[in-house]
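Hello,

Here is the structure I said I would pass on. My notes follow it.

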2 protein chains.
Amino acid sequence: MVDRWRKLSSQRLLETPYFNLRSDALQLPDSAVKAPYYIIERADAAMVFPLTPSQEVVMVRQYRPAIEQVELGLPAGLLEPGEEPAAAARRELLEESGYGGGEWERLLKLSSSPGLKANWIHLFLARDTQRLADPSPDEHERIEVELVPIDSLMDKVLAGEIVSSSGVAAILLALRKVF
Amino acid sequence: MVDRWRKLSSQRLLETPYFNLRSDALQLPDSAVKAPYYIIERADAAMVFPLTPSQEVVMVRQYRPAIEQVELGLPAGLLEPGEEPAAAARRELLEESGYGGGEWERLLKLSSSPGLKANWIHLFLARDTQRLADPSPDEHERIEVELVPIDSLMDKVLAGEIVSSSGVAAILLALRKVF
C-alpha cells in the first residue's frame, strides 16, 4: 500500500509574482527521509476548448520563451486570487481572443507536473462561442487568434503542431465529447 | 505575425539536482521589454504506455508530495545525461515495474508547462511487454505496480483517477492507436 508522506519541515526559498519555490523535508512511510524535496507553488490555471457555431476551434498563437518557439494552443491562463476556474476560463478566452458566450461544460482537472508543481489546470469545453469584442491581452502578451476547423485538429496534434500536454489532453477529451 | 523574442540577458538564480531556475530579460518584437521572465530548466522526460499480451496497461501508484495525493500514472522519469528518450522510457519502465521488451513506437513529444518549463516529455507506446524482473526503484521512490485492463482505462480518466496532463494525453493517444 502506497501511503502519504509526512512533512517534517518546509522552507520558502523564493517568491515571484508567478510562482513560489519551497523546499520540504519529507518522511516516508518506512521512516526514510527525503530532503530537500522542491515544490513549485503556482496558482491554478484554466483552459478552454472553444467551438464556434461553424465548428471551428478558437486557438491562439504566441511565442513561448521557455521552449523557444511559437506555440499554437488553446486559450488558457492562471486564476486570479479568489477567482473560480470557470470564470477564469471565460476571462482568458475573452482577453486572448475576444470570443465568449456559448454553452460551457467542465472536462477534467489535471496536474501538468505532478512531480514538481503544486497546481491544477481546469479544462473546459465551450460550444457556440461568438466573437464579442476585440482581444485585450495582458501588457506583455502578443497573441494571434487562429480559427482551426475541428476536422483538421487531430492532424495538427499528430503532426506535433500543438505541444502543450494539457492542451493535447483537452483537445482529445473534447473531441470525444463532440463526435 | 507572432515572432520570437530576443534574449537581452539571462541570470541563473538557483541550481538543484532536479532543475535550475533562471531569470531572463526579453525584448519583444515591438521593442517592449519583459523582465524578469522566469524559466525552469529541467531534463527532458520520457513516459510509456506499456501493454501486456493480455491487454493490460502497466501502471504505477506513488505518492506525489507536490499535489499531496497518491497518483495512478504511467511509468515515467527524467532522462539521464546523454540518454536517448526511448532508452530512458525502457529504463524507467523496468525500474518502476520490472516490465520490458515488446514492440515500441513513438507517440509524440509534448511540453507539460510551455509557459514556465524548458523541457519536453517524450511519449511512447509499447505492446507485448512482459514482466522481466523485480522492480528496482530509486532510493526514495515507493511504487506499487497496478495492471489496469485497457477497457477500463478511459473510465478511470473520466473519473479523475489519472491526473497527469501528459499521462492523460499519452493514454488518449495510445488508445487511438490500439483500437
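Leu108(A) stands opposite Leu123(A), which belongs to β10(A). This is a predicted model. Strand β10 of chain A covers residues 121-127 and is joined to β9(A) by seven bridges, with the two strands running antiparallel.

Both strands belong to an open sheet of four strands in chain A, in the order β7-β4-β10-β9, and the pairing is mixed. At the edges stand β7 (76-78) and β9 (103-110) of chain A; each has a single partner strand, so one side of each has no neighbour in the sheet. From one strand to the next, the twist averages 20 degrees.

Two helices of chain A lie across strands of the sheet. Helix α1 (residues 85-97) lies across β4 (45-50), β7, β9 and β10 of chain A, at about 60 degrees to β4(A). α3(A) lies across β4, β9 and β10 of chain A and runs at about 40 degrees to β10(A).

How do α3(A) and α3(B) cross, and at roughly what angle? Their axes come within 8 Å and cross at roughly 45 degrees, which makes α3(A) oblique to α3(B). The crossing is left-handed. Residues making the contact include Leu172(A) and Arg176(A) of α3(A), and Leu172(B) and Arg176(B) of α3(B). By class, the contact has eight nonpolar, four polar and two charged residues.

Elsewhere in chain A, Val148(A) is in strand β12 (residues 144-149). Val148(A) has 1% relative accessibility, so Val148(A) counts as buried. Leaving aside neighbours within four places in sequence, Val148(A) is in contact with several residues, among them Val57(A), Met59(A) and Leu153(A).

Regards

How values were computed:
Residues numbered from 1 in each chain as written. Chains lettered and ligands numbered in written order. Predicted model: local features only at pLDDT ≥ 70, side-chain atom pairs only at ≥ 80, totals over all residues. Heavy atoms only, no water. Buried < 20%, exposed > 50% of the residue type's maximum accessible area, 1.4 Å probe, protein only. Contact = heavy atoms within 4.5 Å. Axes fitted to C-alpha atoms, helices over the stretch in contact; angles between N-to-C directions. Parallel < 35°, antiparallel > 145°, perpendicular 65-115°, else oblique. Left-handed = near helix turned anticlockwise from the far one by under 90°. Nonpolar A, V, L, I, M, F, W, Y, C, P; charged D, E, K, R; others polar. Pairing = 2+ DSSP bridges.
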